[in-house]
Amino acid sequence: MTVWDSSPTLPVLMGPDPTRIGRHGLEIVMALGQSLSLHREPVGKRITTVIPLTDDTATGRVL
């Protein structure tokens, strides 16, 4: 999955805080994703992650 926005500011991973309202998106992506890349663009930034859709826990393979 890739997202882009016009802000050049890269996101910062914040520590878990159950009292914080909002700003949990990157925390969720880090928990679910296999990889994460952050790239500044001429305008804004592009963030890409790979999220497996299924998991074969018996073999440890991602399908």
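Strands β1 (2–5) and β3 (45–50) pair in the antiparallel sense over four bridges; pairing requires at least two DSSP bridges between two strands. Strands (E, at least two residues) and helices (H or I, at least four) are DSSP runs numbered from the N terminus. The model is predicted, so that local features need pLDDT of at least 70 and side-chain atom pairs pLDDT 80 or more, while totals for chains, interfaces and linings use all residues. Residues are numbered from 1 along each chain as its sequence is written, and side-chain values use heavy atoms, without hydrogens and water.

Within this pairing, Trp4 has Arg46 of β3 as its bridge partner.

The phi of Arg23 is near 65°, a positive value in a residue other than glycine. Arg23 counts as exposed because its relative accessibility is 65%, where exposed means over 50%, buried under 20% and partly exposed in between, with a 1.4 Å probe and protein chains only.

The residues lining the largest pocket include Trp4, Pro11, Leu26, Val29 and Ile47. β1, α1 and β3 are the elements that give two or more residues to this lining. A pocket is an open set of points on a 1 Å grid over the protein atoms alone, where a 1.4 Å probe fits, with protein on both sides within 12 Å along at least five of seven lines; lining residues have an atom within 4 Å of a point.
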